[in-house]
Amino acid sequence: MDVGIYVHIPYCVRKCRYCDFASSAIAGREGTVGPYIGGLKDGIRRTAEHFDGRLSVSSVFFGGGTPSLIDAGLLCSVLDEIRKCFTVTQDAEISLEANPGTLTEGKLAAYRKAGFNRLSLGIQSLDDRVLAAMGRIHDSREAAASFRLASRFFDNINADLMLGVPLQTERIWTDTLERAIDLGPSHLSFYSLQLEEGTPFYDDYRAGRLELPSWEEDRAMYHKGLEIIRDAGFVHYEISNGALPGRECRHNLRYWTMEPYLGFGSAAHSFIGGVRYEGGALPFAVGEDPDETIARSRSFTWAEGERLADLKGDFLFTQLRLIEGMDTGLYQRLFGTSIESDVGGALEELEADGLIETSEDRIRLTEKGLDMTNPIEEKLLEAL
Ligand code: SF4
């Protein structure tokens with residue numbers, strides 16, 4: 001069976017003000033990196049033994065956190081372990097998330113040598129005031145310089161950008177996007193800011209100390225951005241992602257099409273054999289004592305998990321994110337029932353409201369529906 005592998009590296013230089021991902025500042029935790037990596041490799045070995053040579057791997061994604069922050073030798077040793085334990089296909093897409101301010105020539109050369117062939121660079125904005133307000137560790141000059149440096153080693157680079165962030169106007173957004181495109185990425189991500197409880201942004205917003213672009217401004221920037229990327233030759237293939245033809249992220253497409261993957265590390269999860277396992281093949285907790293974590297990881301069992309039957313809602317969310325839309329035949333094959341029999345009434349109402357359009361084998365969001373994903377998802381969930 002062909003699978004993807006996700007590896008989570010939960011360390012950052014410091015927390016960005018909007019971030020609620022499972023990651024924390026490395027200061028004071030440097031001593032946990034070695035054991036964490038050791039634990040990851042242990043989990044990879046045990047998982048490979050469990051599947052006993054039955055899996056091949058055609059996509060690998062190291063995300064975070066900031067994977068490019070830690071020692072490149074340690075990081076690459078995890079990829080080596082994956083290669084030792086699984087059959088990684090010749091043409092596998094092997095991605096690494098990196099942040100400006102943490103990349104060096106030496107690290108980039110080591111990544112290439114180890115076999116990474118795609119980089120996702122967290123630029124977020126190319127406006128210094130916006131970057132400072134977000135609490136990013138780099139300014140726009142450093143972001144552009146990191147991209148140019150990375151381009152000497154990688155020809156497949158995603159530029160990760162954000163919409164709806166403080167101080168961003170349409171002019172600032174289009175300027176960022178155009179300058180990012182000039183840098184020569186093969187892929188662009190453009191997610192809108194989500195205010196997450198427990199973050200400084202959330203507290204500041206609730207206390208009236210943080211001003212954000214309105215929903216209408218955010219949407220106007222989004223649609224303007226789509227025009228710009230299409231004009232530049234990018235294919236808008238997922239709500240928040242565009243790629244040059246053939247450069248769509250194969251690993252992320254797995255999540256959106258419910259193809260199997262294994263996750264290792266804190267906050268990773270796996271989906272294989274029609275079952276989703278929360279916590280990944282190695283359920284770490286960030287900041288946990290490494291000895292405890294490794295002991296706990298040894299008791300991880302593949303017997304627990306959420307069955308495919310419970311994942312219809314996830315399927316609807318993720319598939320509708322694809323611009324080509326949801327594959328209704330796949331729904332039938334996976335769940336053994338037709339989507340019409342499960343949520344047919346809700347689909348009719350959404351179509352009547354002009355939010356989705358249906359064809360023989362697809363259901364896709366309309367241009368209007370792209371802005372209304374939350375109410376669409378709520379309606380479908382209610383109907384399930
Ligand atoms: S670099 Fe990424 S993972 Fe780390 S704190 Fe910032 S947004 Fe979160």
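User: How are helices and strands defined here, and how many does the protein have?

Analyst: Helices (H or I, at least four residues) and strands (E, at least two) are DSSP runs, numbered from the N terminus. This is a predicted model, in which local features need pLDDT of at least 70, side-chain atom pairs count only at pLDDT 80 or more, and totals for chains, interfaces and linings use all residues. Residues are numbered from 1 along each chain as its sequence is written. The protein has 14 helices and 17 strands.

User: What radius of gyration does the protein have?

Analyst: The radius of gyration is taken over C-alpha atoms, and the globule rule is 2.2 Å times the number of residues to the power 0.38. For 384 residues a compact globule would come near 21 Å, and the protein agrees with that, at 21 Å.

User: Is Met221 buried or exposed?

Analyst: Met221 sits in helix H8 (residues 215-231). A residue is buried if 20 or more other C-beta atoms lie within 10 Å of its own, exposed if 12 or fewer, and partly exposed in between, with C-beta atoms placed from the backbone. Because Met221 has 24 C-beta neighbours inside 10 Å, Met221 counts as buried.

User: Which residues does Met221 touch, not counting those up to four places away in sequence?

Analyst: Two residues are in contact if their C-beta atoms, placed from the backbone, lie within 7 Å. With residues up to four places away in sequence left out, Met221 touches Leu163, Glu170 and Trp173.

User: Which residues have the most contacts inside the largest nonpolar core?

Analyst: A nonpolar core is a set of buried Ala, Val, Leu, Ile, Met, Phe, Trp, Tyr and Cys residues joined through C-beta atoms within 7 Å. The largest has 72 residues, and helix H2 (residues 72-85) gives the most to this core, with seven. Leaving aside neighbours within four places in sequence, the contacts of Ile5 include Val57, Ile82 and Leu262. Those with the most contacts inside the core are Ile5 and Ile82.
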